[in-house]
Amino acid sequence: MPLTRLQYTQRVQQNLSDAVGVFFTASDCNDSLQDGYDEILIESQCFESVATINFSPNQIYYDVYNSISNFYRPVKLFNNSTNKWLHFVNSRFLDNMRFDWEAANSSPWWAYIINYQYIGLFPHYAGVGIGQSFDLLYKVGKDALTSDSQLVQIPDSFNSLLENYATADLLETISEFKKAKTFWDDYNAELGRLKIHVNSRMKPYSTEILGEI
Amino acid sequence: MQIGSNFVDNETPAGLKNGVNKIFLAANSGLPNVSLRLFKNGVLQAEGQNNDFSVGFNLISFFAAPVANDNLRIFYRYPSTYFYQPSQFADSEKPVVLNNNLYTFGLANTPLPVTSLELYWNGLLMNPGVDYSLAGNVITILTPQFVDIPGGDTLQAYYRYAGICAGIPFYSDNEVPVGVIDGANKAFSLAQIPSGFEIPLNAPAGLSLKLYVNGICQVLGTDFSFAVPNSATFTFTTAPPAGSIIRAYYRYVDANYVPLRSQSYAKADILPYIQRNLNDVGAKIWNISQLQQFINQGEVDISNELNSIWLRFPLNIRANVPVYTLPDNVKEITRITYRGYKVDLLTQSQLVQLSPIYRSSVSRPRWASIQYDGYLGLRFFPVPSESLPILSDADSIYTDANLKSECVISAYLYPTECTQFFQLPDYLFRRTIRFFVLWKAFGMEGPGQVIDTSQYYKSRYVAQMAKNRIYMVNVHSSRVTEMSPVPLQNYGKKPARPALPPNYGIVVQ
């Protein structure tokens, strides 16, 4: 079962032999846990989600980063109006298709990832009806830990990951770099295993396919 | 190039007021030139030869030495390293006479909003609607009996006009403070709390307020004061006489302003976090302005590497004008759309090969170049044959509402140092900024200097930036290189065995 922030705090304080929070306050611990959580989420991309966004008339570029509070990167985009998946392409592809692709109106077929914030659609709707929307499957980049009872969305078997990050991070703040290195080494090794786990989890038949070949 | 602005408000220039000394100093050695507004006893002074004073760097030279009782106040902007310009500023502009009519004047730009115009007649603020009217960029004097330009009267205009994006900071212009003007009442209130706002981040409230009574700028602390700090209520030392015209201009922080997620972290909020990591919570070793400087530098460095700010802005196209100056903070153009069509960026060499007369050919632009016309000069080929004014705002620019009637630039931009919010993805900015600040803080001369620790955090910063670059590349990892879903259908299957035609091997007679 995933641990709460409080449970992580207690583990970190034990690692630091500071169970009552004399040297490191709860605020110190929370900062380190949040930094570690941010890094683990974005490195491993283990937390996925889906959001529904309404089409806006004449809108070419959608600010998905500000529309979805925990958005990191898009994975798939489904047009609920046409029941079609949209392909993510680059601007060169769109320019080759039409010099004026930004001006083209119709049902969207392609999407263009501009940066972490914007996605452009080609073509785009000139007018939209009520409830016309697209589903965006995405990777989560930020999950703010706002209370001690909040669960940290890291797979169970990798609970020590965040604990090691926060411990190392706090040791760094008091210039205990050698002690911190022990925890950093553990953290990096564990993070590598989590990344492999997340990737292999998405390919349950890969072994079977390789066996066939 | 002129880049960016920080605001300085209500500063008293340093110098001896003894009727002899004519040299005074502004605190910041960057700009104060055209943006400088110098008030002597509430009256705006004119800069230049045969006027009231001259200015160079931060030296203010009066032509007549101020005496001990003179009250001197200056308001100005000075450059920061980078600036995400929410508005452009026109400073100390002399309106030009139009059509030989001595009571009709033109401004170089149209004030936006119109209330941002501060028009001074011989240093006294004029009252819009009473003393003058404004239509577009044309000023008509409504009190011609007072204004005598040939006789030596001066007009000076300060205003804001269209920038490349809406947003912070917020301004209140030409506001009428609420309060009874009866010669007895001294207490008045404003709609918002005037702030010092940008730099320093914890500047006392009220500094940005310019308060005029009958056109004369009042002095904070002498002529009026705030009864409660950080409030919108102020009190005059002497009650304004009945019939007085009171006006206020100031900047403020809108409490209802909900920043976008990419701007949701205030730079001031990260300070305690940085101080905890420095083990300097009470700012005993590193003062706040030093840390603010490092935080700003860190943001600029990170943003510069990661291209974190991308936006679209309209370009004001004018017929037969080939070269346009881009905003100061444009880093890299990603697309130019002219009336819906893409304009390709070429080098000057390529343009020469394209057409030997490319600099003079007039038509609809198909190509453009940013070489050899100044660092920010954008040259179109062919030269635009029509004018395309700016139609879109910061929201509609992302739609096709005006796409076929406008020229739109999409570009990566440099961040600004003087806004109060970060402009970086929130999932990476905090720890990256921390490594940068710790590297710089431990490295600087002073009681906190520890070179080994500084180098340690430098290596952490470099490593973190390498990761950040990968994060930003991964954003694009869902992009497909083939358009057909066929590869997915065949995924994991062996290539089909060639099937021979049924008549294979049969000899045709």
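Let's start where two helices of chain A touch: Y8(A), R11(A), V12(A) and N15(A) in α1(A) meet N159(A), L162(A), E163(A), A166(A), T167(A) and L170(A) in α5(A). Sorted by class, that contact has 5 nonpolar, 3 polar and 2 charged residues. Keep in mind that you're looking at a predicted model.

How do the two helices sit against each other? The axes of α1(A) and α5(A), the latter spanning residues 159–173, come within 9 Å and cross at roughly 50 degrees. As for handedness, the crossing of α1(A) and α5(A) is right-handed.

Now slide along to R5(A), which belongs to helix α1, residues 5–15 of chain A. Is R5(A) buried or exposed? Its relative accessible area is 10%, and because the cut-off for buried is under 20%, R5(A) counts as buried. Who surrounds it? Setting aside neighbours within four places in sequence, R5(A) is in contact with N30(A) and L33(A), and also with L145(A), T146(A), S147(A), D148(A), Q150(A) and V152(A). With N30(A) there's a polar contact too, joining the two side chains at 3.5 Å.

Finally, hop over to chain B. Here you'll find 6 helices and 31 strands. Chain B has 509 residues, and 49% of them count as buried. If you take the contacts in chain B between residues at least 6 apart in sequence, 71% join residues at least 24 apart.

Methods: Residues are numbered from 1 along each chain as its sequence is written. Chains are lettered from A and ligands numbered from 1 in the order in which they are written. This is a predicted model: local features need pLDDT of at least 70, side-chain atom pairs count only at pLDDT 80 or more; totals for chains, interfaces and linings use all residues. Side-chain values use heavy atoms; hydrogens and water are left out. Helices (H or I, at least four residues) and strands (E, at least two) are DSSP runs, numbered from the N terminus. Buried means under 20% relative accessible area, exposed over 50%, partly exposed in between (1.4 Å probe, protein chains only). A polar contact is a pair of N or O atoms within 3.5 Å; within protein, one must be able to donate a hydrogen and the other to accept it, and residues adjacent in sequence count only if both atoms are side-chain atoms. Contact means heavy atoms within 4.5 Å. Axes are lines fitted to C-alpha atoms, for helices over the stretch in contact, and angles run from 0 to 180 degrees between N-to-C directions. A crossing is left-handed if the near helix is turned anticlockwise from the far one by less than a right angle, and right-handed if clockwise. Ala, Val, Leu, Ile, Met, Phe, Trp, Tyr, Cys and Pro count as nonpolar, Asp, Glu, Lys and Arg as charged, and the others, Gly among them, as polar.
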